[in-house]
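Reader: I would like to learn how to read burial, strand pairing and a nonpolar core from a model; could you take me through them one by one?

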Amino acid sequence: MRATRTPWFCRSLVVLSLGVAVGVWLGAAAVVARAKDPSIVTDSGASLSATEAAVVARTNDARAQRGLGPLAADAALMNASRRQAAWMARNRSLSHGQGVTENIAMGQSSAAETVADWMRSDGHRANILGSHRRIGVAMARAADGTVYWCQQFR
């Protein structure tokens with residue numbers, strides 16, 4: 001039996017295909033890494049989606065620009081924010097929860113747009129820049145596609 005060599009262009013195609021596959025995998029890993037951004041302090045039970053992590057990061061960026069410390073994501077506040085955002089989306093109603101310091105919004109398409117809108121509002125900006133130490137955030141989409149946002153502080 002005679003050994004044959006694989007032509008160079010076939011080997012190059014395999015290497016290129018592996019490179020593309022690894023690049024796609026690394027791209028997916030980067031999305032996961034952003035969702036688990038090490039600059040976002042969380043308590044032991046808080047888990048954030050990429051969108052939630054982006055809201056927390058942008059909120060903490062706004063605080064840092066004014067010399068304030070970062071807010072830590074809090075599991076209980078995350079759950080409460082998710083419940084409130086889901087309720088607003090389900091009922092298509094922009095409505096505050098009871099007994100919490102909270103920012104809500106409706107219709108923005110990204111975390112960047114949402115936090116920027118909150119920072120342009122005196123009351124919302126005061127909440128973001130307040131003496132709080134912990135934060136919970138959420139985004140929920142209504143059946144008609146409208147996006148509802150919730151941010152709670154403690």
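Author: Let us start with strand E4 (residues 147-153), where seven of the seven residues are buried, so the strand is largely enclosed by the rest of the structure. Buried means under 20% relative accessible area, exposed over 50% and partly exposed in between, with a 1.4 Å probe and protein chains only, while helices (H or I, at least four residues) and strands (E, at least two) are DSSP runs numbered from the N terminus. This is a predicted model, in which local features need pLDDT of at least 70 and side-chain atom pairs count only at pLDDT 80 or more, whereas totals for chains, interfaces and linings use all residues. Residues are numbered from 1 along each chain as its sequence is written, and side-chain values use heavy atoms, leaving out hydrogens and water.

Reader: Which strands run antiparallel to E4?

Author: Two strands pair if DSSP finds at least two bridges between them. Strand E2 (residues 101-106) is joined to E4 by six bridges in the antiparallel sense, with Glu102 partnered by Gln152, and strand E3 (residues 134-141) pairs with E4 over seven antiparallel bridges, where Ala138 stands opposite Cys150.

Reader: How many residues does the largest nonpolar core have?

Author: In soluble globular proteins, nonpolar side chains tend to be buried together. A nonpolar core is a set of buried Ala, Val, Leu, Ile, Met, Phe, Trp, Tyr and Cys residues joined through side-chain atoms within 4.5 Å; the largest here has 21 residues, and those with the most contacts inside it include Val55, Trp118 and Trp149. A second, separate core of nine residues includes Ile104 and Tyr148.
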